[in-house]
Amino acid sequence: MATMQNSFDPQYYCVIHPLDDAPEEKCSAEGLGHIAMTPTVRLSLKVLRGYLILMSIMLLYHVLDLAGIVHQLR
Amino acid sequence: MPAVGVLVRRTWQKHLLTFLMVFGPGLIVMEADNDAGAVSTYMQAGGQYGMHLLWTLVVLLPICYFVQEMVARLGIATGKGHAAMIYERFGKWWGRFSLIDLLIVNFLTLVTEFAAISLALSALGVGPWIAVPVAAVGLILMVVTGSYLRWERIVIALCLLDLTWFGLAYVVHPDWASVAGNTMLPTMPAGGITSNLVFLVIAVVGTTIAPWQLFFQQSCVAEKRLRFADLKWARLDTLIGAIFTVAVAGAMMLVGNYGYQHHVVFEDPAQLALALGPIAGNFVRNGVLLLMVNAAVLGTTAISLASAWAYGEVKDWEHSLHKKVWEAPGFYATYIVCVAAAAAIVLIPRMPLQLVIISVQVFAGLILPSAIIFLQLLLNDRELLGERWVNRPWNNVINWTIIAVLFALSLLLAAQVMLPNLFN
């Protein structure tokens, strides 16, 4: 709770620092398992995999190029 | 034990005090992103194209804000860091991939930060064998006090030192009408659109939105135990941070522009500072060099903490600045190893810094799109967050657009680094 009205004097507010305040019950993933595979999640992860594969191919090409192997193959 | 609070009488006092208590993570994450690499990129943008790229910063302002607002919201809703959430909701494979990539790119970035410290202090007459170890020890001492608030106050003070950039920009007397014009409207530099111009624009985008920021702010918000009711103040903190950072970046471009006007050719800000000394005076020369050190120090502490928090969350170690060193040994060891190893690498003679910079760009190209995709998916995870915290439809339209643009730019930047012949 960020602030609370003082019960003895309603004209005063008590402002509490987050570190001094009572802990809140947060949204927890406990017991939920993995995220539900909705079409959006599935498509996003597919696009991400494709992107990472493309980046890996470029990186491999770059390493082979630096090693002079691409030049030899040409 | 009852919570200790401060009594205030007026509503505005309550709002102001609550904001001041919440303030910090948003400013720090944004301003620490103006690290040594960013100083170099913004000054190169000014040095090569004058004021023509000032408009990019205005475009980047809402992008920075929207991305980091999501991070703050997720941190407040879950009380956990980004790495932990990826592990919990997407499984070990994606969790490990994100964590390892983050640790690599962060470490390589730390090496560039210490290289900048060495470069700037060498220009001021302090040798690297003194400058780098002293900086490393200082950076370690900042976090081992067992107090998050102490660390936060020191870092906010360092952020505010960046106000000096406005003084430097004022001293070099830019044409303010031209500054306003170029900020509001994109103008074509002499020579038109070249691959160099395109990649400098991409570099500006890449340096303004860095992957570690997502991990850092979420962990920082969790560390500060921000409450649900604090979200509006965390948003304001993030917005102020974004505006301040973009304004400081603009000031850096204006100093670079001064070099452009005087036909100074430079490869790094230290060279520009030394060249500007005889023309603009010692304030500009020493100011640029010292602010370069400040930028590197800010970047190092934030990036090292992003790594230590992320690793600690995933390993399920104690990972808090509230703990003493002996209460969270793994967390502090991660921070100390990151700082000390990066500092040690910089002291190796003939260290291939260019290779490190290229590797940072490649790994950042891998981690940024994936981290931001996970962020967006988590912010649409109704099972986890419920209706209160998930993105609204308009949020999603904006964020998917930002993600598509970042994917394209990351791919282009990585392609330019790895397949340079394609662009010649």
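Confidence comes before geometry. Chain A has an average pLDDT of 81. In that chain, 86% of the residues score at least 70. Where is confidence lowest in chain A? It is lowest in strand E1 of chain A, residues 3-5, with a mean of 53. Strand E2 of chain A sits at the other end, highest at 91. Where pLDDT is low, the predicted coordinates should not be read in detail.

Now the contact between the chains. Chain A puts in 36 residues, and chain B puts in 45 residues. On the side of chain A that touches chain B, two elements give two or more residues: strand E2 (13-16) and helix H1 (39-66). Which of them gives the most? H1(A) does, with 11 residues. By residue class, that side of chain A splits into 24 nonpolar, 8 polar and 4 charged.

E2(A) pairs with strand E1 of chain B, residues 5-8. The sense is antiparallel, over 4 bridges. Within that pairing, A:Cys14 stands opposite B:Leu7 in E1(B). Recall that E2(A) is where confidence in chain A is highest.

On to the inside of the model. The largest nonpolar core has 143 residues. Six of them touch the most other members: B:Ile117, B:Ala120, B:Met252, B:Val255, B:Met292 and B:Leu375. Which helix supplies the largest share of this core? Helix H5 of chain B, residues 82-123, with 22 residues. Take B:Ala120 as a close-up. Leaving out residues up to four places away in sequence, B:Ala120 touches B:Ala270, B:Leu289, B:Met292 and B:Val293.

Next, B:Ala371. This residue belongs to helix H16 of chain B, residues 353-378. Is B:Ala371 buried or exposed? B:Ala371 counts as buried, because 23 C-beta neighbours lie inside 10 Å, and the cut-off for buried is 20 or more. Its contacts, not counting residues up to four places away in sequence, are B:His82, B:Ser98, B:Pro211 and B:Leu214. For a sense of scale, compare B:Trp151. B:Ala371 and B:Trp151 are 220 residues apart in sequence. In space they are 26 Å apart, C-alpha to C-alpha.

H3 of chain B covers residues 36-49, so 14 residues in all. From first C-alpha to last, H3(B) reaches 20 Å, close to the 20 Å expected at 1.5 Å a residue. How many residues of H3(B) are buried? 14 of its 14. After H3(B) comes B:Gly50, with a positive phi near 60°.

B:Arg225 is not a glycine, yet its phi is positive, about 55°. B:Arg225 lies in the loop between helix H11 (211-223) and helix H12 (231-261) of chain B. B:Asp316 is also a residue other than glycine, and its phi is positive too, near 60°. B:Asp316 lies in the loop between helix H14 (282-315) and helix H15 (329-346) of chain B.

What about their surroundings? B:Arg225 has 20 other C-beta atoms within 10 Å, so B:Arg225 is buried. B:Asp316 has 10 other C-beta atoms within 10 Å, so B:Asp316 is exposed. The cut-offs are 20 or more for buried and 12 or fewer for exposed.

That is the tour.

Notes: Residues are numbered from 1 along each chain as its sequence is written. Chains are lettered from A and ligands numbered from 1 in the order in which they are written. This is a predicted model: local features need pLDDT of at least 70, side-chain atom pairs count only at pLDDT 80 or more; totals for chains, interfaces and linings use all residues. The expected span of a helix is 1.5 Å times one less than its number of residues. Two residues are in contact if their C-beta atoms, placed from the backbone, lie within 7 Å. Ala, Val, Leu, Ile, Met, Phe, Trp, Tyr, Cys and Pro count as nonpolar, Asp, Glu, Lys and Arg as charged, and the others, Gly among them, as polar. Two strands pair if DSSP finds at least two bridges between them. A nonpolar core is a set of buried Ala, Val, Leu, Ile, Met, Phe, Trp, Tyr and Cys residues joined through C-beta atoms within 7 Å. pLDDT is the predictor's confidence in each residue, from 0 to 100.
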